[in-house]
Amino acid sequence: MRQPSVIARRVAVASVSLVVAAGAAACGPEDNDAKGSGGDSTPHKGGTLTVLNSQPQSDFDPARLYTSGGGNVPSLVFRTLTTRNRENGAAGAKVVPDLATDTGRPNKDATVWTYTLKKGLTYEDGTPITSADIKYGVERSFAPELSGGAPYLRDWLVGAADYQGPYKDKKGLSAIETPDSRTIVFHLNKPEGEFPYLATQTQFTPVPRSKDTGTKYESHPVSSGPYKVVKNENDGEHLVLERNTHWSAATDQERKAYPDRIDVRSGLDSSVINQRLSASQGADAAAVTTDTNLGPAELAKVTGDKELAARVGTGHFGYTNYLAFNPKVKPFDDPMVRQAVAYAIDRSSVVNAAGGSALAEPATTFLPNQKSFGYTPYDPFPAGKSGDPAKARELLKQAGHANGLTITLTHSNSKDFETSPEIATAVQDALKKAGITVKLQGLEDNDYRDKIHSVKTEPGLFLAHWGADWPSGGPFLAPIFDGRQIVKDGANFNTGQLNDKSVNDEIDAINKLTDLDAAAQRWGALDKKIGDKALVVPLFHPVYKRLYGKDVKNIVISDWTGVLDISQVAVK
Amino acid sequence: MSGFGGFLLRRTAGAVVTLLAISVIVYVVFYVTPGNVAQITCGPRCSPEQVHQVAEQLKLGDPLYLRYWHFLQGLFVGQDFSTGTSVEHCAAPCLGQSYQTDQQVLDIILAKLPVSVSLVVGAMVLWLLLGIGTGVLSAWRRGRVSERVLTAVTLAGTATPVFVIGLVLMIVVCGQLRLLPFPQYVNFTDDPEQWAWNLLLPWLSLALIEAAAFARLTRASMLETLAEDHIRTFRAYGVAERSVVGRHALRGALAPVIALNANNVGSAVGGAVLTETLFGLPGIGQELVHAVKVVDLPVVVGMVLVTGFFVVLANAVADVLYAVADRRVVLA
Amino acid sequence: MSEALAVVETAGTGTSVPAVSGARQFWRRLRAQRAALVAAAVVALLVLVALAAPLLTALEGQDPTTYHPTLIDSARGGVPIGSFGGVSADHWLGVEPQTGRDMFARLVYGARVSLGVALAATVVQVAIGVAVGVAAALGNRWVDQLLSRITDIIVSMPLMIMSLALLAIVPSSFPRPVLVTLVIGLIAWGTIAKIVRAQTLSLKGLDYVSAARLSGWGTWRIARRELLPGLAAPVITYAALLVPANISVEAALSFLGVGVKPPTPSWGQMLTAADVWYQAAPQYLLLPAGALFVTVLALTVLGDGVRTALDPRAASRLRVGTGRKAATGTGTAAGHATEKEASA
């Protein structure tokens, strides 16, 4: 989310997981000098960290949050069964234990997952954390009052599809068992080798039933992490977190928690956030942001300034921007037309429109170019750097459109540099060279979302993007290409409406694997196979440049989130 | 002014009718606005069943007239909302509860109003100073170079959109010269000095936009007054020019300015949308833009009603002020 | 309805008495003002540039939509290569960051949309405002009540917010510039209606109109023959202020993401895209901002000149003996209105 100055809150929160992770991160060895900036780079405890954000934390209820890896600010207050490894780059894409002693023990076919809680875990008030609290936390995420979380729990847990949460249904979910206060067992309706990834989400945070105040819980959620909420003004616009004295570093290997106090200010314009970070005056010297990255104009300025350039981290997040076809709409039912479009695409002008080569990498694969996804390079319709209009014309001729073709490209009118007019006009300009006249259909953002995600109104060609719920091929490929996930009467993400038995079977087969490395390889191979069908034209993978204040040390940015991890930074 | 009480009563009745009409219009317009509210509330990945549950929870399935009826009910007798674990009563006048954040609309408004009021009142002081000052000077120095320069400056303010002025001011004053902190709202009650320093740039940005209108009005009004008989008489009696302009003419010329100002206060609360969005001030305008984007009808209606209320109120005040000021002018 | 505002606006324009002078007199007076003449020339030039946009860009050899990826530095966010934003013999005003599109072409094409939308919206506003204002002033009590109430509602609604909603509702197939024009025009006619109503009320009370009425002229004839000429001065003056205001509204709508759609350029859209580039590529911001400034300045000065030419009393030396009358005239409008209000 490049410039989310005016964006729907809940939508934005959802995108924090799907989309955002827009972070600054040190990925790749050459960027790893990001740790500390000059002088004494050893991190020390103490001080106040300021977080300048664009989106307010208006959802601060663990049930409502849609996060990748437990989120950033939320992860300071909510501990989960498992969490993401707090390391730079690819190492950060691993799942590690958090409240639990391990990442989960599956039964033979990965349909039953058992977790044991560490000893001595307590809430901010000193009361012990029990497995029943985790079960309750998962259950309340099913309440319609607390909607907003990811769909996996509902899809995976036995008998959960119609469950309405503990407020309406006192019996609770039988799919979750708590044989004793430290053990919790999840029963799934199909094999899911990636369950440990799911257990990083905030729905797996313990919520003490006696402290649950329903929709009001978010004003002061009970902390299990290193910080507790001491102030929550204007529905998450201004948060102050202070040390939770009942948290013990002995049970938490992941969160460093250097600062004594965290002051989160949000509702700021993204250009203002970057201006403040670059000026680094007063409290802003010890400031970071978790949802704003440098835009192209800011990057142009920063790269010309050595002092500023040293304060920029680079982040990668599993994310792909692409052109989507609906093969049910003519002329896109003809694979040759889709291939012609793929050949004609000028990725360098698309990349420029997205912010230039520092902020976007050209993409020819649907899966992000990271190892944890099982990235397997392929390019079925090589367009080179700036398109192959000759090849495109040839294909069009074969398809019976020798005199050119007029098509409509649907995009959003938002200002996100992803599905926005800038990208659409770049595509329009490139296809012109291949004799394809593109009419732009720009829709208001809500209208656009409704239209592209409904099989009844889905346009023939539109800009789309997809982000990873966790760094693996599963949540990346299944929602988009699994034929059984076509939703007829609701939000549908299988926009190519592909229902191919061999693809479906392969997805099932990979889900059975609990060896995540082996699974990654298979996802990569599947991606290549689907790529040949030309249902999408991958355009680019975004890169995130994140500026931070001059006193901030110990910068850690994982490939899981691509965001500067505020559980690691120090200001002293 | 016969029957001031009658005037007041009539205006109040008129205001209520106007505000209700506005609420109906907003309801209808946002009812047909695209955007599946339940899907937005639930999240993009929610299944149809879950979306249906949320829609039921928010009573979105009801027909338009019924939803408006519930709104009116809330306004006059209050409403109950479930938090899941308990039931919360929202006392009349209840503007409902946000679809997106479960906050009560009145609470949201009360939290945001001080910011918008601070912004508008401060900007008003500034635009009056700038506008009247420029207007008087340019009437006095009519046709000279100084007048042209002043006119050009105020026009530059009007001609440049507030988001450009604001951003440039911010980059130059806060980023490069480092004269002021980057604006960040501080409660007046917490620290009045910081409140003022932080709001200075937003005030200036908004004031520059409005100042030109006042400058023009003051100038025109001054010229008219300066040409009147009694001013000519003062001059004939040899009263110093500075005194003629500053004391006698200005007083006569201020009446229309006062009235225009009362009018602008109301609309400026709505016009602060851009300023608040740019500076990240957590006021009514910023919240309203958010609410529109997520089709959060209760919040939109509530906030439009509040801004509408200020406009209606300001118009009434303008009429009273003008009547009072006008009499003084005649008396003078 | 706030009578004060209407009175204020007419007071501000200084035209409470109808201009009975003919067209020839008007032109003579306008020609006498050098500033107004220069402004008129600038406005004419701008309109000409907008109309001749395809011709001018053909002369330069560019168009507003073609990308020039070789002219920008992709690694630095797409900042134009070369000084002054890549000014060259091919690109007279440089190129746009990120795309390399020609700035001159975008600026002159942008003038079409910005001026076109602003002028057309003003026409809509004036048409509705005059119709409603005159009808309210001449109609019976109920008509006046109804129209005044509607005007109140229109004035009390936040323009920006309603535009956001309205622009989202209308299907995207509807031509966007026309839509933006209609939305601005249909939402922001309240003030002009108020001015016209107040002015008409004050004219109605004047001797020669009363005389016309006494001699049995119909309402329509009075409106056409006696009132409209008297309304011309304040309406034209206010309209001259509306045009630049509408240009700004168009820009603001673009800022909020609901303006004219790309790739069609407009100044508002350019400003919106350019504001963050202020430091890295200043000319990107300064060109549309400068164009907007010159346009607004010229229109305002011209509006001022027109007022002076329409209303001979504005020249203060002519005020002798009529000053008090003018004040009474203004007072009549307010007094009349307040009476009406109080009696209703």
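Reply: Axes are lines fitted to C-alpha atoms, for helices over the stretch in contact, and angles run from 0 to 180 degrees between N-to-C directions. Helices (H or I, at least four residues) and strands (E, at least two) are DSSP runs, numbered from the N terminus. This is a predicted model, in which local features need pLDDT of at least 70, side-chain atom pairs count only at pLDDT 80 or more, and totals for chains, interfaces and linings use all residues. Residues are numbered from 1 along each chain as its sequence is written, and chains are lettered from A and ligands numbered from 1 in the order in which they are written.

Me: At what angle do the axes of helix 3 and helix 13 of chain C cross?

Reply: The axes of helix 3 (residues 34–51) and helix 13 (residues 282–310) of chain C cross at roughly 135 degrees and come within 8 Å. Helix 3 of chain C is therefore oblique to helix 13 of chain C (under 35 degrees counts as roughly parallel, over 145 as roughly antiparallel, 65 to 115 as roughly perpendicular, and the rest as oblique).

Me: Is strand 1 of chain A largely enclosed or open?

Reply: A residue is buried if 20 or more other C-beta atoms, placed from the backbone, lie within 10 Å of its own. Four of the five residues of strand 1 (residues 48–52) of chain A are buried, so this strand is largely enclosed by the rest of the structure.

Me: Which strands pair with strand 1 of chain A?

Reply: Two strands pair if DSSP finds at least two bridges between them. Strand 1 of chain A runs parallel to strand 10 (residues 261–265) of chain A, with five bridges joining them; here A:Thr48 has A:Arg261 as its bridge partner. Strand 1 of chain A also pairs in the parallel sense with strand 11 (residues 287–288) of chain A over two bridges, where A:Val51 stands opposite A:Val288.

Note on methods
A residue is buried if 20 or more other C-beta atoms lie within 10 Å of its own, exposed if 12 or fewer, and partly exposed in between; C-beta atoms are placed from the backbone.
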